[in-house]
Amino acid sequence: MNAALGVEALKLYRAPAARVATAVLVLVLPAVSAAMVAVARSDSDSPLAAKARPMLIGTGWDAYLGMLAEIVSVAMLLAVGIVLSWVVGREFAEGTVGALLALPTSPRQVLRAKLVVTLVWALGCGLVAAVVAIPGGLAIGLGAPDAGALRATVRLLVVAVLMTLLALPLAWVATVLRGYLSGISTLLGIVVITQIVTAAGAGGWFPYAAPSLWAGMGGADAAAAITPVQLLLAVPVGLVGAWAAAHRWQTAELV
Amino acid sequence: MNPTPVVRLRATGVARAFGTEQALAGVDLDLHAGEVHALVGLNGAGKTTLMRLALGMLRPDTGTVRVDVGNGPVDPVGAPSATWRHVGHLIETPFTYPELTVRETVRSAARLRGLDRAAADAATSQVLAELALDHWAERRARTLSLGNRQRVGLACAVVHDPQVLVLDEPSNALDPAGVVRVRRRLADAAHRGAAVLVSSHHLDEMARVAHRITVLHRGRVLGALDPAGADLERQFFDMVYEEEDAVADAPTARETASTSPRSAA
């Protein structure tokens, strides 16, 4: 397993897709959040300011980091979903999956290594985004972080973890459909269905919608209505997806 | 008297179909330690399928495959790590990733094949030198020619000095110098006791390196060619055309049904 972890970590480290996704998650998202909060707090009557104000829940650091959590709830699923689909599906698209079989490192270990390095990368991005958000908040004049900042940071990190877990079933999709584009297509389908389910008012019990609603995407009342059980539905979804992918790698004819 | 050969790989009555396509139809094959055993055949003969079955990547519909690296024969499907530690393979796409350098690629293959970091580093340097890949060692794989990518794939297959080596057309994209290096590497491996199963379309090349040549056609073994024999190409096509004629002459079930009453009359 250690050998597979090293190899997969090197491949991910060198991957252009992962580098772009990292830049988006740790730099672009905090910058966009800070800009939107700055606009919302201004006296501007621009369309952007009018749209940004309803997204703010609370004030100060709580509102700013809440905004970041809302954006992360969508961006993390997209970024991790795309990267994980590529990490797994490329072996089929590029024809290298056969070279990963008949080795002392079992196919299951190779797949687990892919999942672990992607998880570690994603959670690392979440942590770094939270750290990068601090100078962003200072730059827009929020002052020193307060108790609300800590609470909001925990919420941000929980959202990042949940959305990362929710991307794991895409490893199974990329395996069964033998390529990363099918994983990415499925991801787009999930995003569309999430919008529809949320608009229909059933988002609380839809695992892919609950973290976004809790982060404030549907407003303060919808956020308060989300229960821990609804949030934790992401855990079995992620674990079942990961198990199914690992099982498929170990037992199916992959070539 | 020759000593009893050590069987490293044995396929017995192996058949495998993909949908309605019968890729293999009852193949028997032995691979011995210290020999290069060539599989020759036209495209679609079943060479790659047989190799994938030998490596447990596919399961036979009927028949058995057993691999023995010294711990007793085992089914390659679900074989333990201890078996795969002594097996190397290059089947179609080589173990190359465009973002990794040649050295990183071969070292990664060595690690996945069970070598620790120090052993992987040493073995990587050695095999890069043996296959004349030093010049490209620090280059990304995406900059390599097809032939050099294939050579990197071969380096990955042999970096851990396996006892069983399965290579599917390892020299089809190589220049003449590359072909000679691969030939020398296969001969060295066999000389050190490895069992090498190699497929190719190139009869001349196989005649130079192989101890035994098995002809595969339409998923069946037609026979063997003597690597020291004269005009192997002619012998090969004689075998293939004889089989084709036999297939063409054999009455289909429909023909048999429609002609039988007339015959009876």
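This is a predicted model: local features need pLDDT of at least 70, side-chain atom pairs count only at pLDDT 80 or more; totals for chains, interfaces and linings use all residues.
Local features are given where pLDDT is at least 70 and side-chain atom pairs count only at pLDDT 80 or more, while totals for chains, interfaces and linings use all residues. Residues are numbered from 1 along each chain as its sequence is written, and chains are lettered from A, with ligands numbered from 1, in the order in which they are written.

**View 1. Strand E8 of chain B with its partners E3(B) and E9(B).** Helices (H or I, at least four residues) and strands (E, at least two) are DSSP runs, numbered from the N terminus. Two strands pair if DSSP finds at least two bridges between them. Strand E8(B), residues 212–217, has five of its six residues buried; a residue is buried if 20 or more other C-beta atoms lie within 10 Å of its own, exposed if 12 or fewer, and partly exposed in between, with C-beta atoms placed from the backbone. Two residues lie between the strands in the hairpin of E8(B) and E9(B), where B:Arg218 takes a positive phi near 50°.

**View 2. The open sheet E2-E1-E4 of chain B.** Three strands make up this sheet, and their pairing is antiparallel. E2(B), residues 21–32, and E4(B), residues 62–67, are the edge strands, each with a single partner, so one side of each has no neighbour in the sheet. On average, neighbouring strands are turned by 15° against each other, direction ignored. E1(B), residues 7–18, pairs with E2(B) over nine bridges, and B:Val7 has B:His32 as its bridge partner in E2(B). Helix H1(B), residues 47–54, lies across E1, E2 and E4 of chain B and runs at about 120° to E1(B). Axes are lines fitted to C-alpha atoms, for helices over the stretch in contact, and angles run from 0 to 180 degrees between N-to-C directions.

**View 3. Helices H5 and H6 of chain B, packed together.** H5(B), residues 146–158, and H6(B), residues 176–191, meet at an angle of about 10°, with their axes 11 Å apart. The two are therefore roughly parallel (under 35 degrees; over 145 counts as roughly antiparallel, 65 to 115 as roughly perpendicular and the rest as oblique). H5(B) brings B:Gly147, B:Arg151, B:Leu154 and B:Val158 to the contact, and H6(B) brings B:Gly178, B:Val182, B:Arg185 and B:Ala189. Residues are in contact if their C-beta atoms, placed from the backbone, lie within 7 Å.

**View 4. Where chain A meets chain B.** Here 19 residues of chain A are in contact with 25 residues of chain B. Helix H2 (81–84), strand E5 (87–90) and H3 of chain B each give two or more residues to chain B's side, and H3(B) gives the largest share, four residues.

**View 5. Helix H1 of chain A against helix H3 of chain B.** H1(A), residues 2–14, packs on H3(B), residues 102–112, at an angle of about 155°, with the axes 8 Å apart. The pair is therefore roughly antiparallel. From H1(A), the contact includes A:Ala3, A:Gly6 and A:Leu10, and from H3(B) it includes B:Glu104 and B:Leu112.

Key. Two residues are in contact if their C-beta atoms, placed from the backbone, lie within 7 Å.
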